[in-house]
Amino acid sequence: MAKLTKKEYILKAAKLYGLSNFEIEALEKHITGEVPNDFIERRNIRLFQMYEVYQSKEYNDRMDTDENGIINLDDYSFIVSKRRLLDSKIGEFWVISSNLDCFLATRPHSDNIKERFSKISEKNNFLLPQIAKQMNIPATVYYKGKYVSEKENKVSFLTKNFIQAGENVVKGDTIYRRKKDRRRVSFEAILESADKYVKKYYKKHKLPTEDLEKTREDIRRGLIKQTIFNKIAFNDNESNEKWGIIVSEDNKLRLAPLFSYDYCSGVVTSTKSHHRVLKRRKEDIESFMLEFGDEEWFRNWIRDEVIPLDINKAISDMESETGVKLTQEEEEYYKFTFEKTHSKVIDAFNRNFGSGVPNGKRKLGTKSPLSKDNSNSYDDAR
């Protein structure tokens with residue numbers, strides 16, 4: 001593929017970096033000579049230095065994981081931007097490489113997670129996206145990254161499939177405002193609030209009605225799918241900070257992919273948990289399946305995308321895609337927790353929607369591999 005011209009490269013890098021349209025326009029006029037402006041070049045000198053690397057023999061085509069499954073940023077030429085965090089609403093900074101590969105860096109895991117679950121919380125970010133992909137749910141795929149900053153050796157999780165340049169995220173806690181001290185989150189209210197937001201947005205921007213109806217349905221179904229994922233993944237934090245709607249440059253809306261996995265798989269935290277619930281405060285998988293089971297698309301999705309879930313394939317896909325591996329104890333733990341919740345889906349489907357789906361192998365009453373007492377035996381998994 002032919003390399004970008006200086007103008008093409010600088011303007012694309014500026015957009016990835018998060019410069020405003022006014023600044024990008026000034027850069028373009030400077031590069032073309034229409035309005036020379038040495039100040040704006042000095043102000044954005046790193047973009048021009050990156051272009052020199054892009055043109056040099058030291059140029060690296062793409063960032064990739066090493067033999068330990070780590071993207072070592074010190075092996076590449078890159079710049080760090082915090083300006084785009086205003087668009088992504090999550091993460092610590094953005095990484096833009098010399099070939100304009102772009103990653104969002106997030107923290108390894110939350111500080112309020114109990115020590116014996118910290119490794120599982122970390123591994124959730126690599127394994128659970130593979131489960132979501134089997135369910136045909138858009139999900140961020142994380143890689144482990146590290147680099148030596150001016151102050152310390154930093155380890156972050158890197159993802160490149162959350163949002164693209166020119167897009168921004170409207171978080172769920174902006175779309176649906178509720179009392180923060182309530183631990184139970186009404187799923188009906190989430191669906192209603194998201195739908196109102198979409199309709200209001202399309203009216204404000206005078207967008208086509210046919211696009212509105214498709215977007216409303218896509219986001220509604222996406223929220224339902226994400227909730228079923230949360231229940232299967234035993235997500236202990238379904239707060240409104242953990243979902244959102246992406247606004248594209250052409251004013252189209254879509255549901256943000258899954259991006260938060262820290263509190264899944266039975267991870268125990270020291271803070272209040274938040275669970276999505278239906279009427280009468282029901283939060284279990286069976287109740288959610290019954291709630292939407294009269295919709296044909298939902299029954300087909302459960303049958304074709306959820307029932308066939310394969311934890312072994314997810315583990316294999318994680319290793320091949322991210323380079324991250326599980327210990328034997330971690331693998332046993334994931335199989336144990338996954339089997340508990342997935343078997344509930346199979347049982348509920350067989351009992352309420354049809355027959356012919358193989359029953360899941362159940363090991364009720366067995367003890368969690370990471371548990372030190374019966375309180376974490378997972379007998380009461382949702």
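This is a predicted model: local features need pLDDT of at least 70, side-chain atom pairs count only at pLDDT 80 or more; totals for chains, interfaces and linings use all residues.

Q: How do you know that the span of helix α2 agrees with its number of residues?
A: Helix α2 covers residues 21-32, which is 12 residues. At 1.5 Å a residue it should span 16 Å, and its end C-alpha atoms lie 17 Å apart, so the two values agree.

Q: Which residues of α2 are called buried, and what makes them so?
A: They are E23, I24, L27 and H30. The term applies because buried means under 20% relative accessible area.

Q: Why are the buried residues of α2 said to line one face of the helix?
A: Viewed down the axis of α2, they fall within an arc of 120°, and therefore they line one face. N21 and F22, on the other side of α2, are exposed, that is, over 50% in relative accessible area.

Q: Against which helices do the buried residues of α2 pack?
A: Their partners are α1 (6-17), α3 (38-43) and α4 (45-55).

Q: What makes M135, F229 and I302 stand out in the largest nonpolar core?
A: Of the 97 residues in that core, these three touch the most other members. Helix α8 (residues 187-204) gives the most to this core, contributing eight residues.

Q: Which residues are in contact with F229, leaving aside its neighbours within four places in sequence?
A: F229 contacts L128, I131, A132, M135, I137, L258 and Y261, where contact means heavy atoms within 4.5 Å.

How values were computed. Residues are numbered from 1 along each chain as its sequence is written. Side-chain values use heavy atoms; hydrogens and water are left out. Helices (H or I, at least four residues) and strands (E, at least two) are DSSP runs, numbered from the N terminus. The expected span of a helix is 1.5 Å times one less than its number of residues. Buried means under 20% relative accessible area, exposed over 50%, partly exposed in between (1.4 Å probe, protein chains only). The arc is that of the directions from the helix axis to the C-beta atoms. A nonpolar core is a set of buried Ala, Val, Leu, Ile, Met, Phe, Trp, Tyr and Cys residues joined through side-chain atoms within 4.5 Å.
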